[in-house]
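Visitor: I'd like to learn how to read a ligand site and a chain-chain interface. Could you walk me through them?

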Amino acid sequence: MSTVAQKQGFLAVLWDYLTTVDHKKIAILYLISGGFFFLVGGIEAMIIRIQLAVPDNNFVSAGLYNEILTMHGTTMIFLAAMPLLFAFMNAVVPLQIGARDVAFPFLNSLGFWLFFFGGIFLNLSWFLGGAPDAGWTSYASLSITSEGHGIDFYVLGLQISGAGTLIAGINFLVTIINMRAPGMTYMRMPLFTWSTFVASALILFAFPPLTVGLFLMLFDRMFGANFFDVSMGGNTIIWEHLFWIFGHPEVYILILPAFGIFSEIFATFSRKRLFGYAAMVFATVLIGFLGFMVWAHHMFTVGLGPTANAIFAVATMAIAVPTGVKIFNWMLTMWGGSIVFTTPMLYAVAFIPSFTAGGVTGVMLASAAADYQYHDTYFVVAHFHYVIVGGVVLGLLAGTHFYWPKMFGTMLNEFLGKITFWLFLIGFHATFFVQHFLGLMGMPRRIWKFLDGQGLNLFNLISTIGAVFMAVAVLVLVYNIIITQIKNVRVGNDPWGDGRTLEWAIASPPPFYNFKQLPLVRGLDPYWIEKMEGNTKMTPAEPVGDIHMPNNSFIPFVMSLGLFIAAFGAMYQVDWRASDGESFVWAIPVLIIGLLITLGSMAVRSLKDDHGYHIHKEDLLKDDEGGRE
Amino acid sequence: MATQQSTSANPKVNYEYRRKKAAEEMRKHVTSFALMIFVTLIAFIMVLAGFDKTFVYPVLLALAALQVVLQLYYFMHMSHKGHGAAALFLYSGALVAFITILTFLTIVWW
Amino acid sequence: MKEGFNEAMKKGLKKWRLLPMIAALAFILSGCGEPFLSALQPAGEVAQRQYNLMVLSAVVMVVVIIVVSIVYSIAITKFRRSKVGEDVIPKQVEGSHTLEILWTVIPIILVLVLAVPTVAVTFALADTAEMEEVDEEGNRTALVIDVRANLYWWEFNYPDQGIVTAQDLVVPTDQNVYFNVIASDVKHSFWIPAVGGKIDTNVDNMNTFYLNFDSESAEEVDNLFYGKCAELCGPSHALMDFKVQTLSSEDFDEWVAAMQEAGEEESEPENETIARGEEVFGNDGQACISCHAVSPTERAGNSPGPNLATFGERSYVAGILDNRDPEESREENIKNWIRNADKLKPGNTMGAYNEDDLSDEDLDALTEYLMSLKVYTE
Amino acid sequence: MDAEQKFTSRTWPESPEKTTLEGKNKFLGFWLFLGGETVLFASLFATYLALKDKVPSDDHALAIDMFELPLVFIMTMLLLTSSLTSVYAMYHMKNYNFQKMKTWLIITVGLGLAFLGFEIYEFNHYVHEYHHTFTSSAFGSSFYTLVGFHGAHVVVGLGWFLLLLIRNTNRGLNLYNAPKFFLASLYWHFIDVVWVFIFTVVYLMGMVG
Ligand code: HEA
Ligand code: HEA
Ligand code: CUA
Ligand SMILES: [Cu+2]
């Protein structure tokens with residue numbers, strides 16, 4: 001069979017994407033759906049800001065506000081930020097370590113579809129009687145009493161997409177441990193790979209507590225258990241602990257890959273190897289490790305007592321040290337370099353002060369006794385948007401511009417890119433800087449409206465105006481993406497000219513089998529090494545030979561669909577029982593059918609051998625002559 | 001695609017040797033199984049005997065830990081080579097597990 | 001505002017040698033917000049200590065930001081490609097041990113500078129031993145208030161005094177006041193920003209802490225601080241405000257006496273409207289009484305609605321409708337509340353009474369009656 | 001090299017589960033998964049310990065009232081033994097003796113089923129004798145969730161063994177299915193490890209008080 005891409009009809013392309021197990025296509029799936037959810041979460045943010053633009057506003061009602069607020073946080077964290085990071089991990093990490101694909105291509109696809117159906121399920125709540133309304137943290141006493149199915153959507157949706165995330169995490173870990181090209185030792189791995197590795201390890205250990213927490217909540221709400229019902233001996237603090245044992249590592253799951261992206265960008269556009277590489281690696285691991293020791297800093301006001309508060313306060317502050325090491329290493333990477341301000345570099349450069357500001361307010365929050373004042377105020381909102389928007393989102397925007405050519409073979413317009421950048425940066429600081437003061441001036445978070453005469457009007461208005469800037473910036477980006485794809489100007493393997501790592505040694509976009517011959521890695525920044533020696537290509541580590549490829553499969557889609565269907569059954573059997581079997585008689589059957597679909601497709605998968613196929617040497621050689629497209 | 005692990009140059013010697021080694025290992029497994037049963041018996045007898053709990057609790061936990069070590073190192077071959085990453089992650093998991101349980105025993109009051 | 005600053009200097013800042021920067025920062029911060037609400041204008045010992053910690057940490061953070069900004073600005077101006085030349089390949093430096101040690105050790109020191117006072121203050125603020133102290137007769141010496149948070153309203157029970165109020169917390173100034181806090185339905189959080197940090201009112205257990213209300217600061221705000229619920233608790237979480245009335249120790253004792261007295265004796269209605277209002281309120285009317293007690297000694301801890309014994313003296317209706325300016329607004333507010341409680345505070349359990357439930361005349365009488373519910377003032 | 005390649009006991013590699021790259025990946029991935037499972041069970045144990053004996057009123061049975069040593073002892077012996085039998089199965093797998101491997105796996109499955117039978121009896125007993133149910137108290141919820149999660153793992157483990165046995169009865173061992181058998185047996189050991197903690201922490205310590 002020939003490997004030359006052919007023009008395909010829309011349905012064929014669709015089918016290809018529904019069944020693909022290719023990490024590069026899965027990356028695109030993650031990018032599109034993560035991007036979509038980012039717009040959804042962004043629209044929710046805009047509604048929040050409009051409601052809070054002026055005192056005593058009635059743009060949305062109280063109940064609706066809580067739903068929007070909850071969905072904004074949940075969507076942004078679980079359905080936008082993480083999947084977008086997964087998009088870049090999928091697109092880049094296998095190339096960076098010179099692998100054929102990820103370790104488990106089938107599971108990679110399964111992970112994506114689980115996330116996707118979980119996200120869709122969660123968002124269907126808008127149309128099926130109301131979204132969750134207890135905050136993204138869904139604290140037990142409120143979420144247990146919350147009426148309707150909102151919280152059920154939260155629990156089931158996150159359970160499904162969380163399973164996908166866990167699978168993705170294990171997949172990256174095994175890929176990075178087992179699939180590195182010859183010569184790619186651990187201490188030669190690019191930092192983005194390293195941060196993916198650590199973030200995946202965090203996923204592996206942080207998601208099980210969330211899974212358990214969600215199960216307990218699910219059992220309480222849907223099957224009559226009493227974990228959180230105080231009158232039956234339950235305890236709501238259990239939820240808070242389980243949530244934050246997950247929740248704190250989660251924020252590092254978000255930021256570490258963003259750190260990784262920035263590390264690549266700093267080195268590339270300073271034309272300099274990353275300063276203090278070993279220290280950077282060590283700091284990444286240390287942040288990951290400490291990330292598990294600090295979760296109770298979200299619970300200082302719960303009443304855990306001064307001993308626990310003091311211990312967790314000091315442990316939290318300790319994280320400032322490895323993070324500081326990273327900040328300084330980035331700056332020293334630029335120092336003595338040759339900096340060129342491309343769009344990705346602009347984001348990277350803006351990231352340093354923005355994130356530092358967010359990080360240091362984090363350390364202020366860690367001061368337990370002072371946190372009694374900050375907690376649950378806009379000061380906290382300001383802190384986490386500074387680290388998340390000023391860190392993760394800037395990282396995602398930078399990554400989008402940086403890796404776009406590698407993923408799509410086209411280059412986003414630099415001029416428009418810079419417009420997006422400036423609008424977004426200005427808007428971001430305008431929105432969130434004043435929120436620090438709002439919090440200190442006595443404005444709690446998660447409030448539907450604030451009243452006149454409390455001195456909160458001006459800053460809230462400024463904050464809203466800032467958000468409008470961000471919205472315009474995002475629209476410009478969307479426009480940029482559209483015209484870039486319409487113009488479709490193709491670029492070569494190293495469009496930025498200063499690529500250092502393996503992914504820039506391969507065509508943009510890479511052929512579906514990645515490297516024809518696994519490259520030989522001779523040091524850190526292998527492509528740079530080759531370029532410095534005057535080579536245009538990597539030295540191969542093996543002769544051209546047959547390449548083994550996995551088959552496409554529709555099973556991951558069906559498996560996830562089964563859980564999606566089952567979730568409706570699980571949810572509506574509550575009404576079925578409440579009505580004494582009068583209505584919703586379909587609920588239990590739907591639950592069973594959904595589970596059967598999932599189990600059945602699992603059985604098919606394990607009973608039917610799938611050995612993949614081989615691309616033959618001759619076809620590979622032919623590819624060279626024919627060229628692509 | 002996969003490369004086969006190189007076996008020894010002389011397949012015959014290698015074969016006999018491997019057989020013997022495997023059988024030996026199997027005997028060790030049986031021994032460790034006996035040990036596990038023994039440890040379990042002690043644990044149950046201690047509870048049956050009704051000692052004070054300040055004494056029983058730590059001993060019970062120590063015995064459980066011993067059993068787990070036996071399972072991991074004999075039955076699950078954790079000591080064999082090629083288990084480095086597996087061990088690292090299992091122990092990291094165990095550490096997180098330990099901290100979780102510790103907090104639930106101390107700062108989740110009712 | 002000036003006072004807030006002076007206050008800060010007087011109390012806490014002396015301890016760590018007035019760095020000019022601390023002063024400047026404290027000054028800028030104290031310019032923010034309204035004194036009855038802002039954590040930046042501390043009005044009591046607890047808030048002050050927390051404020052000092054905030055200023056200290058803010059200073060450390062500003063130092064960090066300045067250092068970062070300097071290195072950063074030099075790096076991005078000096079090493080632009082347009083300056084160093086298009087084809088230059090910079091030296092590929094691996095790193096520097098000296099520098100790395102430097103930027104590991106200095107942050108550790110900075111963190112320690114913050115960690116030590118943090119731990120100290122954390123333990124100090126958790127010290128409620130004084131709650132247990134008793135005098136010769138075995139009476140508790142400190143004032144203890146049981147706070148119970150309910151869906152969108154607050155109950156303040158004074159167990160040692162045997163009295164109860166709602167929505168308006170009344171406290172003496174310049175002494176430690178101890179609080180036991182708990183929630184009836186879902187979790188809330190008890191917060192008086194100007195006077196000190198918050199503590200969660202859990203459903204599971206009782207939390208304990210103390211606050212201290214400074215008389216000078218209290219004067220500045222006409223003896224009225226704002227309190228807030230700081231934990232998402234449902235649609236009207238935003239509106240779960242309460243107010244804090246501060247009294248001098250002597251006035252407070254008088255207030256307690258008046259409350260206790262009012263709890264003992266039945267007061268006669270002053271006029272017929274009020275009498276009618278009482279009827280409407282009572283069992284043969286709208287049965288408001290089934291949810292609202294009107295005696296300051298009744299139903300602490302298990303009331304479905306706020307105790308209205310001091311309602312005629314409250315500064316706000318339901319914590320959100322301001323009665324003070326002008327005084328006539330009180331009547332409007334009450335009527336508005338009874339007619340529109342469901343819209344004013346979405347999700348609250350009282351619900352609204354329309355004309356069918358309650359005629360306009362009855363409402364007038366009821367309002368008159370509610371306004372007459374006073375204990376301490378005339 | 002083909003994954004379905006036929007072997008003899010002499011050409012059969014020393015670690016068949018890790019000989020192919022797929023096998024190596026599965027092997028590592030599964031261990032990582034077990035690392036995650038450790039945290040999952042830890043969360044369940046922690047929840048159980050926090051809610052142990054938390055009941056709404058005095059007339060609810062507590063751990064000390066319900067648990068009985070003999071039953072737990074039998075269950076423990078069954079599961080421990082099944083761990084050994086699955087080791088025997090792997091021993092024969094490494095020796096390329098498919099028939100014996102099958103036999104030992106079937107014995108393992110039998111022991112697992114017996115364990116499950118006792119567990120079902122046990123739950124039933126608590127429900128009927130003590131009115132200790134999933135919904136009767138927080139204690140009940142956490143007990144059945146912890147022990148039930150373990151039970152569910154047993155069910156999955158048994159299903160896995162059975163599926164593999166059925167699927168491969170007539171094909172013998174190869175490098176494609178050897179890793180699968182190996183992982184299933186790892187899983188089974190892990191289930192045993194969890195049970196060690198359950199019988200220690202839930203039952204034995206529960207009976208001490
Ligand atoms: C990407 C996400 C992200 C990141 C990276 C961080 C990073 C940090 N966070 Fe943040 N945080 C959140 C997301 C994040 N956080 C979210 C979402 C919440 C709210 C959740 C909710 O309630 O909904 C939250 C809430 C939160 C709280 C709870 C507040 C409360 O609710 O009362 C605390 C308290 O300690 C805290 C602390 C910290 C600290 C110390 C860091 C540190 O890692 C920061 C370290 C970085 C630096 C310090 C800057 C660089 C360092 C130097 C230049 C060296 C020198 C510095 C010093 C010596 C100080 N965070
Ligand atoms: C990744 C995480 C993330 C991100 C990126 C953001 C981004 C933003 N957030 Fe975020 N936010 C959270 C995570 C995040 N948030 C969390 C976890 C909470 C806590 C929730 C809780 O309390 O439970 C929160 C809470 C929160 C609050 C507090 C609400 C409250 O407590 O009452 C506010 C208020 O200003 C806010 C504002 C914003 C704004 C203005 C942005 C902006 O940066 C958004 C910018 C993006 C856009 C503006 C998109 C514009 C898109 C369009 C214009 C679409 C055009 C349409 C088409 C093409 C179809 N957020
Ligand atoms: Cu009560 Cu918010
Ligand atoms: Cu945190």
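Visitor: Let's start with ligand 2. How far is an oxygen atom of ligand 2 from an N or O atom in the side chain of A:Tyr378?

Guide: Keep in mind that this is a predicted model. For polar contacts, look for pairs of N or O atoms within 3.5 Å. Here, the oxygen of ligand 2 and the side-chain atom of A:Tyr378 are 3.3 Å apart. A:Gln435 also has a polar side-chain atom 3.2 Å from an oxygen of ligand 2.

Visitor: And which atom of ligand 2 pairs up with A:His385?

Guide: A nitrogen atom, 2.8 Å from an N or O atom in that side chain. A:His385 is also listed with the closest residues around ligand 2, together with A:Tyr65, A:His72, A:Trp136 and A:Arg446.

Visitor: How many residues surround ligand 2 in total?

Guide: There are 33. Sorted by class, that shell has 24 nonpolar, six polar and three charged residues.

Visitor: Which helix of chain A gives the most to the shell?

Guide: Helix 2, with eight residues. Helix 2 (23-51), helix 3 (62-96), helix 14 (378-408), helix 15 (414-440) and helix 16 (457-487) of chain A each bring at least two.

Visitor: Which residues of chain C lose the most area to chain A?

Guide: C:Arg81, C:Trp103 and C:Leu232, which together make up 11% of what the chain C side buries. If you'd rather go by contacts, 85 residues of chain C touch 92 residues of chain A.

Visitor: What about charges: how many salt bridges are there between chain C and chain A?

Guide: Three. One to look up joins A:Glu240 to C:Lys187, with their closest N and O atoms 2.9 Å apart.

Key: Residues are numbered from 1 along each chain as its sequence is written. Chains are lettered from A and ligands numbered from 1 in the order in which they are written. This is a predicted model: local features need pLDDT of at least 70, side-chain atom pairs count only at pLDDT 80 or more; totals for chains, interfaces and linings use all residues. Side-chain values use heavy atoms; hydrogens and water are left out. Contact means heavy atoms within 4.5 Å. Buried area is the accessible area (1.4 Å probe) that two parts lose on being put together, summed over both. A salt bridge is a side-chain nitrogen of Lys or Arg within 4 Å of a carboxyl oxygen of Asp or Glu. A residue is near a molecule or strand if one of its heavy atoms lies within 4 Å of it. A polar contact is a pair of N or O atoms within 3.5 Å; within protein, one must be able to donate a hydrogen and the other to accept it, and residues adjacent in sequence count only if both atoms are side-chain atoms. Helices (H or I, at least four residues) and strands (E, at least two) are DSSP runs, numbered from the N terminus. Ala, Val, Leu, Ile, Met, Phe, Trp, Tyr, Cys and Pro count as nonpolar, Asp, Glu, Lys and Arg as charged, and the others, Gly among them, as polar.
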